[in-house]
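Here are my notes on this model, as numbered points. Please read them with the structure open.

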Amino acid sequence: MKKEIIKTENAPAAIGPYSQGIAVGASEICYLSGQIAIDPETGKPIGGNAAEQTKQIFKNISALLSERSMKTENIVKTTVFITDMKDFADVNAEYGKHFLTAPPARSCVQVAALPLNSAVEIEVIACK
């Protein structure tokens, strides 16, 4: 099994000892680390509400997937972490814009806190 690091300057750099993503098996399966709403140009969180953060997160996810010639349509599983379930409807509305047909399997959990005081974090698994 071949393991390849996914790295791009078009998404935020890893802020710890992890990779932005990993491609497995000749890039057929990609595991992306959880993405928060960081602007890759400034390296700073964008702030804003949960929906605005979700929008930026999908920009970051799309940038990483494009490194493997994939799109959001290739996503088969997501895990969404939110700090307040009251934001679920707003996150869900923005999330749904990225999966108009055949949405992936998904888990969503509330957590006590996320890095850099983010309201939302999303990790994905994608495959060709």
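1. Is Glu94 buried or exposed? Glu94 is buried, because its relative accessibility is 10%. The classes are buried under 20% relative accessible area, exposed over 50% and partly exposed in between, with a 1.4 Å probe and protein chains only.

2. Some ground rules. This is a predicted model, in which local features need pLDDT of at least 70 and side-chain atom pairs count only at pLDDT 80 or more, while totals for chains, interfaces and linings use all residues. Residues are numbered from 1 along each chain as its sequence is written, and side-chain values use heavy atoms, leaving out hydrogens and water.

3. Salt bridges. The whole structure holds three of them. The criterion is a side-chain nitrogen of Lys or Arg within 4 Å of a carboxyl oxygen of Asp or Glu. Glu94 pairs with Lys97, with the closest N and O atoms 3.2 Å apart. Lys97 is exposed, with a relative accessible area of 54%.

4. The salt-bridge network. Lys2, Glu4 and Arg68 are linked in a network of salt bridges. Between Glu4 and Lys2, the closest N and O atoms are 3.6 Å apart. Between Glu4 and Arg68, the N to O distance is 2.8 Å. Glu4 sits in strand 1 (residues 3–6) and Arg68 in the loop between helix 1 and strand 6, so this pair ties together parts 64 residues apart in sequence. Helices (H or I, at least four residues) and strands (E, at least two) are DSSP runs, numbered from the N terminus.

5. The core. The largest nonpolar core has 25 residues. Such a core is a set of buried Ala, Val, Leu, Ile, Met, Phe, Trp, Tyr and Cys residues joined through side-chain atoms within 4.5 Å. Among the residues with the most contacts inside this core are Leu32, Ile61, Val80 and Ile122. Strand 3, helix 1 (50–66), strand 6 (75–82), helix 2 (88–96) and strand 8 each give two or more residues to this core. Helix 1 supplies the largest share, seven residues.

6. Val80. Which residues does Val80 touch, not counting residues up to four places away in sequence? They are Val91, Tyr95, Arg106, Ser107, Cys108, Val109, Val120, Glu121 and Ile122. Contact means heavy atoms within 4.5 Å.

7. Ser33. Ser33 belongs to strand 3 (residues 29–35). Its side chain reaches the backbone oxygen of Ser19 at 2.5 Å. Beyond four places in sequence, Ser33 touches Tyr18, Ser19, Gln20, Gly21, Ile122 and Glu123.

8. The surface patch. Ile15, Tyr18 and Leu116 form a nonpolar patch on the surface, with about 290 Å² of accessible area together. Patches use residues with over 30% relative accessible area and no salt bridge; like charges are joined within 9 Å, and nonpolar side chains (Val, Leu, Ile, Met, Phe, Trp, Tyr) within 5 Å. Areas come from the Shrake-Rupley method with a 1.4 Å probe, and for residues only the protein chains shown count as cover. Leu116 is in the loop between strand 7 (105–110) and strand 8 (120–127). Leu116 counts as partly exposed because its relative accessibility is 44%.

9. Glu41. Glu41 lies in the loop between strand 4 (38–39) and strand 5 (44–45). Glu41 is exposed, with a relative accessible area of 76%. Its C-alpha atom is separated by 7.7 Å from that of Asn10, 31 residues apart along the chain.

Definitions and conventions
A polar contact is a pair of N or O atoms within 3.5 Å; within protein, one must be able to donate a hydrogen and the other to accept it, and residues adjacent in sequence count only if both atoms are side-chain atoms.
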